[in-house]
Each structure stands twice: as structure tokens, then as C-alpha cells.
2 protein chains.
Amino acid sequence: MKKYSEMSREELREEYSALKKAYKDFQYKALSLDMSRGKPSPEQLDLSMGMMDVLSSSEDADMTGEDGVDCRNYGDLEGIPEAKELLADIMEVNPSNIIIYGNSSLNVMYDFISRSYTHGVMGSTPWCRLPEVKFLCVVPGYDRHFKITEYFGIKMINVPMLATGPDMDMVEKLVSSDDSIKGIWCVPKYSNPTGNSYDDETVRRFARLKPAAPDFRIYWDNAYTIHHLYDHHQDHLIEILAECKRAGNPDLVYKFASTSKVTFSGSGISACAASLNNLEEIRKQLSIQTIGHDKVNQLRHVRFFKDIHGVVEHMRKHADILRPKFEAVEDIFEKELGGLEIGTWTKPNGGYFISFDSLPGCAKEIVAMAKKAGVTLTPAGAAFPYGKDPEDKNIRIAPSYPSLQEIEQAAGLFTLCVKLVSVKHFLEDASLAKTGKTEEKESTETA
Amino acid sequence: MKKYSEMSREELREEYSALKKAYKDFQYKALSLDMSRGKPSPEQLDLSMGMMDVLSSSEDADMTGEDGVDCRNYGDLEGIPEAKELLADIMEVNPSNIIIYGNSSLNVMYDFISRSYTHGVMGSTPWCRLPEVKFLCVVPGYDRHFKITEYFGIKMINVPMLATGPDMDMVEKLVSSDDSIKGIWCVPKYSNPTGNSYDDETVRRFARLKPAAPDFRIYWDNAYTIHHLYDHHQDHLIEILAECKRAGNPDLVYKFASTSKVTFSGSGISACAASLNNLEEIRKQLSIQTIGHDKVNQLRHVRFFKDIHGVVEHMRKHADILRPKFEAVEDIFEKELGGLEIGTWTKPNGGYFISFDSLPGCAKEIVAMAKKAGVTLTPAGAAFPYGKDPEDKNIRIAPSYPSLQEIEQAAGLFTLCVKLVSVKHFLEDASLAKTGKTEEKESTETA
């Protein structure tokens, strides 16, 4: 198919009419599909229903942890040992570097920001007493991270996500020169939303940062650490805690993970991993905050999975459900948009998202059009601090929840909306037809 | 038996020798008993084992809430409707005034203090920006409340707990005159540790407070709202949320509760109840903090209990286990200490504690002696801010965890230690023999 940038105005008008007609046909279908959030599908949740059977009231029921603690009662503030071992294996760290939390790693991250705000970090001035606190935000990124920093009035600075990870030249320069920069939000593996993983050099440069602020921390949200789509094409990430230790910066990083997209979203268990120095401070808060987290649910998880091998086999079943959905989206994007030079998209090996970049200035309109035809997408701009995508081009696609058939419909409608809005922009803005797409050309279809 | 205050020095010396011998006999028994925390016994926890069976992987398993939400997935930030109804019935409020939280109401209270510290209360100046923030603490009270306020550097002012509840003359005077006083910690029913409940006048006076600080709130931790020991001798508390509304002060109170001592300690569900204005602000934080709490556990609780009647019947079974333990302690205290005028203790109708007041200056030594003979009690002073009992006389007795036989041994040893330390004080301090006990006389054995 001819590129829009090479079409005459007449051709563009014809294309527009044809697309408009196809769009109306879609509207008649009265779809109601949601691709807005990274929610597991019911089929995926069914994979963990066995977890409802591992504990029971039967005579030989054993509710005792390996350390002899009755999991039904108070105790074991930091989690039962077998849960620490399981999460440590998932997070690729030593169990002694782990604290098990409740059902939400987001809540743990909130707590960490809140604690730093009220009490500082290992003896530093509490952030609430500082004139200004800033965070680096890798963009596009996870909207809920940015909401936390925004809630605490922390100024956010965008750092572009490249194919290799964050722009480390920019990170190094900013972090080493400005002591009001206290942290950076990272989703290092199968990143939300690009699906890219940080390469080895990026992780090494993170571990070797020399922050101007002693209370600077890397907030390493490894939410998709075991969430591969393929058996062999798996991304591998250098383990950051060990790398920081090797670099002589053991306290530089807080690492987070959970089983929210392993077992049940919202009824999993979460954990934080950090250096022993950091954990000592974290414990002080934890012992004030709660008597302990839900150990029965910890026990349930361990009894269900047995060990890390059980988890890995379980994640293959997730992959078998998710992979066709991702491939369907990619196939339709390729078929409908390939070569048109009106958008680029990622082809991740894992995680929950595909990131789509339209021509600049088109994302909001594409999302609005999809919505009007019954497909809800994440609001354009959501992956940026303050909800503002400076180029209005990024759209996060979440293919996990709808069925495969629904995904195909939704992806079809989406590409239609992309074409429609793009043609319109070429028609409305003659300058776009001259310059816009040539810049895009080089980056088209980067993975 | 003769009162120590009426004994000659010779008689006191003889009594001391006899007690010392009995104490040594106890030490030979090598006891190892813990009466330090309000932990349910294994027998009590067994009552809820049926909760492990109500959800399963069977074909007809239904994991859907009444509102159609799949409890295994994200959604329903404030809890599933049926859990709101159940907790609302427990807390005697409307479900629309409820938010369901995770496994720990202590964590909710921490969050509330932390939020007020970082963001203020309904538009007030965040407490971290104020030169001084103070809290009233009803004493003796719950040590973990005081730890939270201490962690945030909030100055704590002791308010004595009377038989009717906190000294309301003092509360009214302080709260209306000092706008740096931002809250008061209350355990209004079967209070921790006295076991007393606030009387009607006290609750009405609370609801009618006219705080100098618009961001003053009553932190109403109704932890033992349904934790009766008797079928008929039950304390009744005026419902504070409604009473505040009637008094024209709808936003004055935050109310907390959980099922920690109903089902599994640490694996229950908790809730906060407040006015719609307060809830609106609370929601703002909540939506930043988490995607939601553990709905599967909410569903498990509702399926197990069905409704409030199920909860009430369940609590009767708890009472049947707890009541003999409380009565054993009270019987032994009466038998061993009755009429001696060396201590007073409470006889609660519910809750988890008996509060014992020794002669002034004796509590620490009594607790230390009990420890040396194998019985761990809550550290003396723990029920006071900063761990400091100004009179060193209060000791919290927690009879729930040990078996009945162990309780009898522990209570026996405890009374022995009380006598031993008291005799020693009469011997060492001649002035005590003259004045100390006459003051005590009036309050001996108040319930």
C-alpha cells in the first residue's frame, strides 16, 4: 500500500472516505472491549485455582511455617522463611535481603516514598523539610509510579526510554549534579509500557551511579521479572542488587516484585529486596506500621508452587495464553500499518504491554476514536508524568484481558483509527505531509 | 489474711521468707509462659478453619462478588459490597460509610497519621509543616498506638482512664484550648488494657467536643466491639459516628475495626468507617496507594460467616474458650490478693486484657521477677506513651494465649511476685507502710 506521505490530496480524500465508512461499520457492531489495563484474563486466573485447595480444615491440615510459627496467628513480621525463599528465588536475591509484604507492591512503593518524605533515608533530612525534591521518570513509564510522586509534590523529570533502557547519559549527568534528585522509577524488564528490557551496559551504569544526593535510590520495580512470552526468546537482566554491591554501592537500590500477575491480581504476595543497611531502616518503620502481613496467604502460595521450578512451569501456562494475543496484535499491526510510516510499535518478549507511537499529535484523537467505537484504551499521555505526553504520540496497548477474538477485533479497529487520524492530519496539515513522516522513517518498526 | 500495712517488721520478715521459698519452688518448675500479648490461642484459631474450605477449585466454584466483580482480579478499590455490609454490621454503621482495607487495622491507623502528616486533614496544613503537633493518649492504653505517634514525633499528653472512660473534663479543656492537639487515641470498648468501656455520657461528650483545631479527629479503635466474654453481661457503647452526626460534628471521628481476633490474627480483614466527607479525602490517598486490597480474603470471610448473625455465634465460641481463663485469673487474684490492699485489678466483660495496678513503684520489679521464674508479661510501662508509667504501677495481663492450666500457674506466680515485691517495699520503705496503702484502700478491687 502507498504511504500516506506520498499520496496526493485527492488520494488522501478517497482513503479518508473509505476509512470513515469502515469505522462506521465498526460502530454498528457495538463493541465493548477494554484494553486499558494490564489485567490477567479469567483463563489466566483459573491457572491458580488450585491455590484454593492447598489449605483446608481437614484433620491433617498443617498451618505451621518451617520455623514453627502458626501462620494463623501474629508473628514473623518479615514473612515466613519459605515465602522469603520463594520470593528470593523469583527476585534472584538472597532470602536474607527480602521482606515479604501484603498483596500490593504498589503499596510498598508508596510506603517507601512516604517514609522518605516523613523520615528521610538512612539519616538524611526528611524530604518534607526540603525546599524541592525531584525524581527522574523513565518515559513512557508506569502511570501509577508517577501518581505516587505527584501526590507527594515531587517534581518529575522525563528521561527517554531507548531500545537499550533509559538514556543513561542523561541519568548520569542529572543524578551526579543535582542533589535534589532523590530517585528514579524503573521497570527494568519487559518495561511498562514498551516491553523492552534494560541491556547489560544500562544496568551496570545504574549500579555505578555517583549520586549527588546520599539519599538517592533506584526504585527498581521488577514487576515482570518472570513474565516471559516465549520459552527461548527471553530477556535476561543483570541482577541489580548484586551489581550494586560489586560496584561498591550496596545501598543504592530498592527492588520490588509481587505475584500479582502470577497468581491472583490483588490477592498475591509482594516483596522488597534491599541491602542489609536499607532493610534495617525499613524494619524500623515496618514494626510501627503493622504486626505482620498475611502469613496464611504466604503459606498458601508456597504450598501451591512448592518452589521456583513450580513457579516457572506455572508462568509457561500464562505465556501459552498471552502469547497468541500479543502475536495477534503484532500480526494485525504489521498487516494494516506495515510500511505506511504512520506508527511504530514494540514487539516484547514478555510483560503485559505493547507500546505504540503514532505520528506526533495524533495519540489523543486515536484513543478518543477507538473509545467511540467501543474499545477502551489507556488514556493517551497516561504513561507520562502529569499525564502529559509532550509529543502526544504514545499509546499503551494491553492485550491480556480480552479474548483472542476480541483482541483481533480491537486491534483491527485500532489500526483503522490510526489510519483515519493520520490521513486527517495529512489532509489538515500540509507541512506534516512534507516533513513529519521522514523523521519517523528511521524508527519505524523498531522492536 | 493480715494486711501488710498492719504487719510488724518481724511479721513482714517472716512473710518475706515464706514467699521467697515459694518463689524458688516456682523457679524449679522451669515454666515458660507468655502472657505478654493479646494473641488468640490455637484452640480459638481452630474455630475459623472452616474458612479454608469455603473457596475451592471445584467446577461450581464461584469467585465473583455480588457486584459481578471477579474477586481474583483487580477492581473494587473499597472492597466488595458483601464485605462492606458484613463489616458495617460489625461496626454498627452504614455500608456507605465503610472502606475495607487489608489484614491490619493498625496499618490503616498508621496510614491515617502518615497522611495527615504529609497532606493534612481536609485542607488543613500538613502536620509536617507545623512547629508542634500533639495527641491525647488515654492511659493506660494500647502501646502500638503510642508507637505510631512517637514515630512521627508527635508529642503525647496522658489523659487518665477512669471507670467511665477517659477523663472528659481534661479532654474537653485541652482539645478546646490548644489547636496543636490533633487527635486522641481511644479503645472505647473493652479497652486495651483496662477492659472498661466508655459510658454513655463519655461518648456523648466526645461527639460534642469543640476542638480548637479543625483537623482534630477522634481515633476510635473499636478493636473489641464484638468481643464479649458473657452472653448477658455485655457492655454497650453508643455508636460514635451517628452520635457525632447528631451532635453536628459528622467529620469528627475515624473509626477502625478488624477481624484479627475474630478469624485469624494477621490474616483477617480490616475496615475504616467515617463520614462521607472524610471518606472522600481518604479515597484520594487510597487510589494512589494501591489498586485494591485482598478481595479473595474478603469473599472468604463473607462465605464463611454469611452474615452478622454468623459472626455473633462465632464470637460465642471464642467467649467459651476465653471466659474460663479470665475467671481463673480473677479467682486466683481474689484468693491470693483479696483484702491485702497491695493491688487492684479490672474484671472486664470482654476484650483481651485484665489491667493490674500494684502499689506505686512496684510494677517493673514484679514483671522482672515473673520473667525470672518463667512467665513473660507485657513490659511494665508499655501501656503508656514513651513506655513510661509515671507511677510504675500498671501491669497488663493477657490471659488469652496460654492454656487454662498454664494460666493458673502463671496467675499463681504473678500474685506471689506481687506479694513478694510489696512486702519488700514495706520493709525497705517505712514511710510506705504508713501512707502508701491507705490511699490505695478506696480503689481496691474496682472493676
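A:D89 is located in helix α3 of chain A, which covers residues 81–91. The structure discussed here is a predicted model. A:D89 is partly exposed, its relative accessible area being 36%. Together with A:E66, A:D67, A:E85 and A:D307, A:D89 forms a negative surface patch.

**Overall form of chain A**

- Chain A contains 14 helices and 13 strands.
- The radius of gyration of chain A is 23 Å, close to the 22 Å given by the globule rule for 447 residues, so the chain is as compact as a globular protein of that length.
- The C-alpha trace of chain A spans about 75 × 55 × 35 Å along its principal axes.
- Of the 447 residues in chain A, 62% count as buried.

- Over all chains, the whole structure holds 52 salt bridges.
- One of the salt bridges pairs A:D25 with A:K21, and their closest N and O atoms lie 3.4 Å apart.
- A:D25 and A:K21 are 4 residues apart in helix α1 (residues 9–28), which means that about one helical turn separates them.
- A:D25 counts as partly exposed at 36% relative accessibility, while A:K21 is exposed with a relative accessible area of 54%.

**Salt bridges between separate parts of the chain**

- A:R208 forms a salt bridge with A:E243, with 3.8 Å between the closest N and O atoms.
- A:R208 lies in the loop between α7 (200–207) and β7 (217–221), and A:E243 lies in helix α8 (residues 240–246); the pair therefore ties together parts that are 35 residues apart in sequence.
- A:R208 is partly exposed, with a relative accessible area of 49%, whereas A:E243 is buried, with a relative accessible area of 5%.
- A:K424 forms a salt bridge with A:E365, and the closest N and O atoms are 2.3 Å apart.
- Because A:K424 lies in helix α13 (residues 404–428) and A:E365 in helix α12 (residues 363–372), this pair ties together parts that are 59 residues apart in sequence.
- A:K424 is partly exposed, with a relative accessible area of 24%, and A:E365 also counts as partly exposed at 24% relative accessibility.

**A salt-bridge network**

- A:D169, A:E172, A:E201 and A:R205 are joined into one network by salt bridges that share partners.

How values were computed: Residues numbered from 1 in each chain as written. Chains lettered and ligands numbered in written order. Predicted model: local features only at pLDDT ≥ 70, side-chain atom pairs only at ≥ 80, totals over all residues. Heavy atoms only, no water. Patch = residues over 30% accessible without salt bridge, like charges linked within 9 Å, V, L, I, M, F, W, Y side chains within 5 Å. Areas by Shrake-Rupley, 256 points an atom, 1.4 Å probe, with all protein chains shown as cover. Salt bridge = Lys/Arg side-chain N within 4 Å of Asp/Glu carboxyl O. Lys, Arg positive; Asp, Glu negative; His and termini not counted. Charge placed at Lys NZ, Arg CZ, Asp CG, Glu CD. Helix = DSSP H or I, 4+ residues; strand = E, 2+ residues; numbered from the N terminus. Buried < 20%, exposed > 50% of the residue type's maximum accessible area, 1.4 Å probe, protein only. Rg over C-alpha atoms; globule rule 2.2 N^0.38 Å.
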